[in-house]
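Please look over the sequence and the model before reading the points below.

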Amino acid sequence: MIKTSAQAMLSVNEKLKIQKNSIKNGNSKKRISIVTGTHGDELEGQYICYALGKYLNENISRLNGTVDIYPALNPLGIDSITRGIPNYDLDMNRTFPGTESGTMPEMIAHEILEDIKGSDICIDIHASNIFLREIPQIRISVPTAEMLVPYAKMLNVDFVWVHESATVLESTLAHSLNSSGTKTLVVEMGVGMRITKEYCSQLMNGIINLLVNLEILKDTDSPSVREPVISLDGAVGFVNSPSAGIFVPEASFGNIIEEGSIIGNVVNPLTAKITEQVTAPCSGLLFTLREYPVVYGGSLIARILRQNEGGSEK
Amino acid sequence: MIEKTIFTVESIYRELLDIKAFCFGDTSRKTLCIMGAMRGNEVQQMYVCSRLVEELKKLEIHGAIAKDKGIMIIPCANYYSMNIGKRFWAMDNTDINRMFPGYNLGETTQRIADGIFSEIQGYEYGIQLASFYQPGRFLTHVKHMVTEFTSDDGLSDFGLPYAVRRTPRPYDTTTLNYNWQLWNTKAYSLFTQSTDDLREKAAEEAVQSVLRFMKNRGIISYPVHSGYITSIIDESDMIPVYSPCGGICRITVKTGDIVEKGQPVAEILNPLTCEIISEITAPEKSVVFFHIASPLIVEGTVIFKLIRNKI
């Protein structure tokens, strides 16, 4: 059933509506929420929402509980290829928990939060932005790691990144929900403005596995899921562009690379010269790689999960 | 005056972005730093700084800067965005004023923030010409964040009618003002009445308030009008007036007006029929501190911020 979770009147003859597909069957009170589309340029979650909704509709008799699917927390952003909230230049994932009687973004954030609260699990699906490609991964802050890692392992991702919590991240949906007792996992995968079906299918299997494990899906075999590498901040190496230019990748994304091997070149098409050769500062899994070629000094080129430091809990 | 480049950013097809600073007085002393535009639409903020450069040049020539004081002004840290009509960083739309204290090995705007901050930290006083994310008109005012490191000391020295105390929220912790305070600089954000467009009178008011601050703090000797007796108010004590619906907003009062309880202050019109959908009235006797300037508004827009008139 399609329901409206939050709404506000726009300027001219239109309402902003945040909608969800609430799929329910059986007697169980268990509820899982799948949310995505907070950033209007992140579209990987669109396919997950479609595929999960289709699967559940076709297998409704096996469902015992509620699956709420929110495909677009920021519909105006998705409609206009705008990462933030159009008109406000505001990152929606910095507006939570919102307020009951604040500005439109604050009110919408509050209503969304109240609607999701009480779910047994919430999965907040993000793609990367348009600049970077990411392997399917879950990001968890240190204070919530003990509670969330067991669920993260069910979701068929390659990597679970347990990161230090930063004050500025207290305004995110995941932080607000976790603080209110609703367990929330943040998924990052793929690249902005695109759908990577391979990754979507991978996460889809993970979500089915989670539903089976939570006994929201019955009479269903658990799909086989991969065991993720679980890693702390210190195990991640960052590679930033040393100069401005056009980045041309050479390394194979998602694979192990050796220290000193070439990740790619920053070239200058005007002078037809290589400006900088970018090499791996350590050996490990190349889990983030620059997708958008134009770079400044400092633009993130890659992230590498160091070998022998991550993955000990695999 | 000494002109210097404090940080440089390289682009593949553009000239270097040189962040310029103008230094006055004893340049070995870090007394006052004034930061202008960090966003591409902060034209008024850049203009106020350039006016201050003009004034301080004259004062320096006339020996009106105290001998043991040093002043640095950075009118514009982001003309890359200004030159192409973008508000945030040209490439990735990130906000330099959400990147402090910066990181010299991080992303581009983190490096810019780090490059700026390494130059401007350690000053006794810091003034940032700030802008608000919503298009609107303010009374010119000075604001500071209430932290364990600050007091109201200095707020009244600007001689503006109002100074505002703000309790920081999580997203404030990466702003320049907050980080200046963290590193022991007494930091003030000066809000002038516009951002994208030049307002001469408001710019002059801002320039005079900064000169007054400098005079009151013994940085310059300058025959400036002593200004107002400042009312210091908490941001949380202001009365926000929200729009109950979307439509065209017709404001019928001006900033600085004293309005009575129940007085009509705005109308929301149906944009297709011009029918009045909602009449907005003042909830109590108050001073109009802020009003929205955009004609089109959505439900929940802050149309006004009012200051209770306690008299």
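Together, chain B and chain A bury about 3,000 Å², and 61% of that area is on carbon and sulfur atoms; buried area here is the accessible area (1.4 Å probe) that two parts lose on being put together, summed over both. This is a predicted model, in which local features need pLDDT of at least 70 and side-chain atom pairs count only at pLDDT 80 or more, while totals for chains, interfaces and linings use all residues. Residues are numbered from 1 along each chain as its sequence is written, chains are lettered from A and ligands numbered from 1 in the order in which they are written, and side-chain values use heavy atoms, with hydrogens and water left out.

**Interface of chain B and chain A**

- In chain B, 38 residues are in contact (heavy atoms within 4.5 Å) with 39 residues of chain A.
- The rule finds one salt bridge across this interface, where a salt bridge is a side-chain nitrogen of Lys or Arg within 4 Å of a carboxyl oxygen of Asp or Glu.
- Eight residue pairs, both at pLDDT 80 or more, are in polar contact across the interface; a polar contact is a pair of N or O atoms within 3.5 Å, and within protein one must be able to donate a hydrogen and the other to accept it, with residues adjacent in sequence counting only if both atoms are side-chain atoms.
- On the side of chain B that touches chain A, α3 (108–120) and β17 (296–297) each supply at least two residues; helices (H or I, at least four residues) and strands (E, at least two) are DSSP runs, numbered from the N terminus.
- The residues on that side of chain B divide into 21 nonpolar, 10 polar and seven charged; Ala, Val, Leu, Ile, Met, Phe, Trp, Tyr, Cys and Pro count as nonpolar, Asp, Glu, Lys and Arg as charged, and the others, Gly among them, as polar.

**Salt bridges**

- Over all chains, the count comes to 35 salt bridges.
- A:E106 and B:R169 form a salt bridge between chains, 3.7 Å from N to O, with A:E106 in helix α3 (residues 104–116) of chain A and B:R169 in the loop between β8 (162–166) and α4 (176–182) of chain B.
- A:E106 is buried at 17% relative accessible area, whereas B:R169 is partly exposed at 36%; buried means under 20%, exposed over 50%, and partly exposed in between (1.4 Å probe, protein chains only).
- The closest N and O atoms of B:D153 and B:R217 are 3.0 Å apart in another salt bridge. B:D153 lies in the loop between β7 and β8 and B:R217 in the loop between α5 (200–216) and β10 (231–234) of chain B, so the pair ties together parts 64 residues apart in sequence.
- B:R166 and B:E235 form a salt bridge at 2.6 Å, and both residues are buried.
- B:R51, B:E54, B:E55, B:K58 and B:E204 are linked in a network of salt bridges.

**B:H141**

- B:H141 is in strand β7 (residues 141–145) of chain B and is buried, at 1% relative accessible area.
- A polar atom of the B:H141 side chain lies 2.8 Å from the backbone oxygen of B:L139.
- Not counting residues up to four places away in sequence, B:H141 touches B:L160, B:Y162, B:V164, B:S189, B:L190, B:F191 and B:F289.

**Cysteines**

- The structure holds zero disulfides (a pair of cysteine sulfur atoms within 2.5 Å) over all chains.
- For B:C49, which is buried at 0% relative accessibility, the closest cysteine sulfur is in B:C33 at 9.1 Å, too far for a bond.
- For B:C76, which is buried at 8%, the closest cysteine sulfur is in B:C49 at 9.2 Å, also too far for a bond.
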